[in-house]
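Take a walk through this structure, one packing contact at a time. Keep the sequence and the 3D view side by side.

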Amino acid sequence: MSRKPRLRSGSGVTMHDVGQAAGVSAITVSRALHSPERVTPALREKILQLVEQLGYVPNRSARQLASARSHTVLVLIPSLSNTVFIDALAGIESVLQPAGYQMLIGNTHYSDSEELALLRAYLQHSPDGLLVTGLQQAEAFSRILAERQLPAVYMMDLSDDGRPCVGLSQEAAGAAMTRHLLQRGRRRIAYLAAQLDERVLKRLQGYRQELTAAGCHDPALEWLNPAPSSMQLGADMLDALLAAHPDCDAVFCCNDDLAIGAIARCQQRGIAVPAQLAIGGFNDLQAAAWTTPPLSTIATPRFAIGAAAARLLLQQLHGQQDSGGSRCLDLGFQLQQRGST
């Protein structure tokens with residue numbers, strides 16, 4: 001008479017216990033949890049149900065020792081309050097989590113020194129790879145990556161030096177909004193910018209190129225504030241701009257927060273948008289379509305950038321990067337023309 005295996009529950013449950021309950025080996029359980037494509041969907045579902053029923057918790061330390069991998073990815077972003085980067089994180093998670101990887105998230109606060117400190121701190125956890133925002137890092141940051149041979153993918157921008165990256169041309173996007181305002185008949189076009197990170201300054205380059213080509217670039221209409229971006233700052237900057245340049249007929253804001261604040265201030269002051277002043281933004285946040293009038297802006301594919309960057313990193317980790325394939329993915333942008341221009 002055969003005896004059924006005695007099932008334990010809680011922290012003492014092992015992979016062997018799950019395998020006994022499922023009638024398979026511990027190796028098959030491991031495959032179901034970490035390489036689901038190697039087992040049938042029905043078997044994986046059975047094993048997952050038993051994992052839940054028994055309360056089995058995988059031992060990450062043991063797995064790391066066995067595979068020489070931590071199955072973690074370090075993700076460095078400049079803000080945890082900015083929707084742009086929250087969307088990117090969601091895209092990253094949508095790819096890493098099903099592949100059995102967890103994110104280690106670091107908030108750099110737009111600081112090279114904090115970014116470097118976070119890298120040094122998180123390296124103690126032996127991440128398998130890195131996803132980092134932007135292309136400009138401290139020299140020591142790049143040196144550590146090279147010394148550790150840590151696979152990395154750069155997000156939100158496009159590199160011309162061979163580094164793996166996923167993003168869009170910030171310069172081209174800035175030029176596209178400026179060109180749109182010119183096509184709408186505007187000539188006194190201001191640029192309002194805050195935070196002044198590398199992407200904001202590349203949009204400024206696109207703005208300058210278009211206005212210079214049109215013969216109406218005026219450096220006095222470039223208002224650059226290093227303070228953190230906010231709707232309040234957008235309203236305040238608009239007041240200062242119009243006090244100094246009442247003939248301004250359009251404003252290109254480096255992001256939607258500034259633009260939404262500027263539109264609100266126009267409403268308060270009785271300035272007709274776009275009849276008296278056209279306003280354009282950048283990123284196409286959810287609120288952009290709900291201002292009065294709705295905000296014209298540049299839509300950026302944040303979720304798609306995060307997901308594609310995660311896939312590109314996994315390809316590196318699994319040795320699947322095709323030598324002839326692209327290591328720099330341009331996911332583009334889209335001009336969303338609405339009522340504010």
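Begin with a pair of helices. Helix 6 (residues 112–122) packs against helix 7 (residues 139–148) at an angle of about 25 degrees, and their axes are 9 Å apart. Helices here are DSSP runs of H or I with at least four residues, strands are runs of E with at least two, and both are numbered from the N terminus. Axes are lines fitted to C-alpha atoms, for helices over the stretch in contact, and angles run from 0 to 180 degrees between N-to-C directions.

The model is predicted: local features need pLDDT of at least 70, side-chain atom pairs count only at pLDDT 80 or more, and totals for chains, interfaces and linings use all residues. Residues are numbered from 1 along each chain as its sequence is written, and side-chain values use heavy atoms, with hydrogens and water left out.

Back to the pair. Helix 6 and helix 7 are therefore roughly parallel to each other. Angles under 35 degrees count as roughly parallel, over 145 as roughly antiparallel, 65 to 115 as roughly perpendicular and the rest as oblique. Helix 6 passes helix 7 in a left-handed crossing. A crossing is left-handed if the near helix is turned anticlockwise from the far one by less than a right angle, and right-handed if clockwise. Which residues of helix 6 and helix 7 meet? From helix 6 come Glu115, Leu116, Leu119 and Arg120; from helix 7 come Ala140, Phe141, Ile144 and Leu145. Contact means heavy atoms within 4.5 Å. The residues of this contact are six nonpolar, no polar and two charged. Ala, Val, Leu, Ile, Met, Phe, Trp, Tyr, Cys and Pro count as nonpolar, Asp, Glu, Lys and Arg as charged, and the others, Gly among them, as polar.

Now look at the loops beside these helices. Tyrosine 110 lies in the loop between strand 2 (102–107) and helix 6. Its phi is near 60 degrees, a positive value in a residue other than glycine. Most residues other than glycine have a negative phi, and most peptide bonds are trans. Tyrosine 110 counts as partly exposed, at 30% relative accessibility. Buried means under 20% relative accessible area, exposed over 50%, and partly exposed in between (1.4 Å probe, protein chains only). Glutamine 149 sits in the loop between helix 7 and strand 4 (152–155). Phi of glutamine 149 is also positive, near 50 degrees. Glutamine 149 is exposed, with a relative accessible area of 69%.

Go back towards the start of the chain. The axes of helix 1 (residues 15–22) and helix 3 (residues 41–54) come within 10 Å and cross at roughly 125 degrees. That makes helix 1 oblique to helix 3. Their crossing is right-handed. Asp17, Val18, Ala21 and Ala22 in helix 1 meet residues of helix 3, including Ile47, Leu50 and Val51. The buried residues of helix 1 are Met15, Asp17, Val18, Gly19 and Ala22. Helix 2 (26–34) and helix 3 are among the elements that cover them. Glycine 23 follows helix 1, and its phi is positive, near 75 degrees.

Four strands form an open sheet in the order 7-6-8-9, with parallel pairing. Strand 7 (222–225) and strand 9 (278–280) are the edge strands, each pairing on one side only. From one strand to the next, the twist averages 15 degrees. Two strands pair if DSSP finds at least two bridges between them. Strand 8 (residues 250–253) is joined to strand 9 by three bridges. In one of them, alanine 250 has alanine 278 as its partner.

Helix 8 (residues 170–183) lies across strand 6 (189–194), strand 8 and strand 9, running at about 165 degrees to strand 8. Helix 8 also packs with helix 9 (residues 198–214) at about 40 degrees, with axes 7 Å apart. That makes helix 8 oblique to helix 9. The crossing is right-handed.

Finish with two prolines. A cis peptide bond joins valine 273 and proline 274, with omega about 10 degrees. Proline 274 lies in the loop between helix 11 (256–269) and strand 9. Another cis bond joins threonine 292 and proline 293, with omega about -5 degrees. Proline 293 lies in the loop between strand 9 and strand 10 (297–299).
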